[in-house]
Amino acid sequence: MRRTRRERSDELPFPLNHWYVGALRDEIGTVPFARTLLGRPVVFYRPTAQHAVAVAGRCPHRGYPMSRATVVDGGLRCGYHGLTFDETGICRSLAAHDGVAERARLRSFPVLEAGPFVWVWLGDPRLADRALLPCGAEVGFGQAGWRTDATGYVNVRARYAMLCDNLLDTSHIDCVHAGSLGRAPLTFQQTIAPSRERIGVVRESRGNAAALFTYLLPGCTGPIDVTIAAEFCGPGFIVAVRTEFAHAANGRPAERIATMAFVHAVTPESETSTHYFPAFVRDFRLDDEPFTAEMNARNLIVAREDQAAVEAIEATPGVADRAGGFSLPGDEVALVARRELARLVDREQ
Ligand code: FES
Ligand SMILES: [Fe+2]
């Protein structure tokens, strides 16, 4: 009887044919860097300064961890019996004619670098396409006139779906982030509408006093319109708060002032742990390094507060049986995202 992917012990129920962030760019160097992604051991390294490589984290001979390999001539030399694999995974230390070399393949994974991240494709390599990167032009990711700064890396001891729930749910802010964000100044009337292109919500408010935002936009005067979106852009990437500032339109075409976004790369590690890479994207104050440092420091504090919240839930006995609980209207986006994740998994069965 054919087993489903869920039933095979070494595989986890996550959609595979997607780009996931495996590491921050500056985590990867000339020595092997190991990380478990979607339940699979993966090793990254740089054969040259210009490019990164990802391969399976276990030697195909006897399963020795490739994190203990050494980089030799751009390839990896296993630390157990010394077999050496090039960056495509071909074993270069066995003669091709002995019939073993063909089977002695170390799996390699498509990799690309965009923004501060190293992305990896763990599914069918024939489907890996840069155009499928989940972060789009709307947040200016990787585009001229914008900058993206990684806030850091947080290993969250909670299941991936729970962290996604948290990042798509803005109704916990007053409670979980009271110490860092305080009560948001956005206490004015908000309208909530489904995002047109993606799973998410858009909140719009009109004609706010610019003084509310002078920290972010010094020199900005007059009333402004604010649009805030939280979106699920795919299994590996969430734009939690994309905020657009525009001069108050009052019925006229909007005149944009600035856009910023807190973006979150989320990659399952195991069934109950998640790699979390928060980042900050913006198209203003591009050369203001103190501003960058402060925003990232603030963002990391917020990320740690979310980490503590979801880890507390994960540590509560029986959490897997109660995932979801009852829902409030503010949970709608997370619920739609969960259904989308289940659909993506089913599609790959
Ligand atoms: S386990 Fe790697 S060469 Fe034998
Ligand atoms: Fe939060």
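Visitor: What makes up the secondary structure of the protein?

Guide: This is a predicted model, to start with. Its secondary structure comes to four helices and 18 strands. Of the 349 residues in the protein, 48% are buried. As for the surface, the protein exposes about 17200 Å², and carbon and sulfur atoms supply 53% of that.

Visitor: Why do you call the pair Arg282 and Asp149 a salt bridge?

Guide: Let's set the value against the cut-off. A side-chain nitrogen of Lys or Arg has to be within 4 Å of a carboxyl oxygen of Asp or Glu. In this pair the closest N and O atoms are 3.7 Å apart, so by that rule it is a salt bridge.

Visitor: What does that pair tie together?

Guide: Arg282 lies in strand 18 (residues 273-282) and Asp149 lies in strand 11 (residues 147-150), so the pair ties together parts that are 133 residues apart in sequence. The two also belong to a network of salt bridges that links Arg147, Asp149, Arg282 and Glu289.

Visitor: How do you know whether Arg282 and Asp149 are buried or exposed?

Guide: Buried means under 20% relative accessible area. Arg282 has 0% relative accessibility, so it counts as buried. Asp149 comes in at 14%, so it counts as buried too.

Visitor: How many salt bridges does a search of the whole structure find?

Guide: The search finds 17 salt bridges. One of them is formed by Glu269 with Arg157, where the closest N and O atoms are 3.1 Å apart. Glu269 lies in strand 17 (residues 255-270), while Arg157 is in the loop between strand 12 (154-156) and helix 1 (160-168), so this pair ties together parts that are 112 residues apart in sequence.

Visitor: Why does Arg157 count as partly exposed?

Guide: Buried is under 20%, exposed is over 50%, and partly exposed is in between. Arg157 has 46% relative accessibility, so partly exposed is what it counts as.

Visitor: Why is helix 1 called mostly covered?

Guide: Helix 1 is called that because eight of its nine residues are buried. Those buried residues are Tyr160, Met162, Leu163, Cys164, Asp165, Asn166, Leu167 and Leu168.

Visitor: How do you know that Ala229 is in contact with Ala240?

Guide: Contact means heavy atoms within 4.5 Å. Leaving aside neighbours within four places in sequence, the residues in contact with Ala229 are Val201, Val202, Val239, Ala240, Val241 and Arg242. Ala229 and Ala240 are eleven residues apart in sequence, and their C-alpha atoms are 7.2 Å apart in space. Ala229 has its place in strand 15 (residues 224-234). With a relative accessible area of 1%, Ala229 is buried.

Visitor: Are Leu38 and Asp73 buried or exposed?

Guide: Leu38 has 0% relative accessibility, so it counts as buried. Asp73 has 80%, and the cut-off for exposed is over 50%, so Asp73 counts as exposed.

Visitor: Which residues line the second largest cavity?

Guide: Its lining is Cys59, His61, Arg62, Gly63, Tyr64, Cys78, Tyr80, His81, Gly82 and Leu83. By class, that gives five nonpolar, four polar and one charged residues. About 30 Å³ of space lies in this cavity, and a search of the whole structure finds two cavities of 30 Å³ or more.

Note on methods. Residues are numbered from 1 along each chain as its sequence is written. Chains are lettered from A and ligands numbered from 1 in the order in which they are written. This is a predicted model: local features need pLDDT of at least 70, side-chain atom pairs count only at pLDDT 80 or more; totals for chains, interfaces and linings use all residues. Side-chain values use heavy atoms; hydrogens and water are left out. Helices (H or I, at least four residues) and strands (E, at least two) are DSSP runs, numbered from the N terminus. Buried means under 20% relative accessible area, exposed over 50%, partly exposed in between (1.4 Å probe, protein chains only). Accessible areas come from the Shrake-Rupley method with a 1.4 Å probe; for residues, only the protein chains shown count as cover. On a 1 Å grid over the protein atoms alone, a cavity is a set of points where a 1.4 Å probe fits but cannot get out, and a pocket is an open set with protein on both sides within 12 Å along at least five of seven lines; lining residues have an atom within 4 Å of a point. Grid points are joined across faces, edges and corners, and a volume is the space filled by probe spheres set on the points. Ala, Val, Leu, Ile, Met, Phe, Trp, Tyr, Cys and Pro count as nonpolar, Asp, Glu, Lys and Arg as charged, and the others, Gly among them, as polar.
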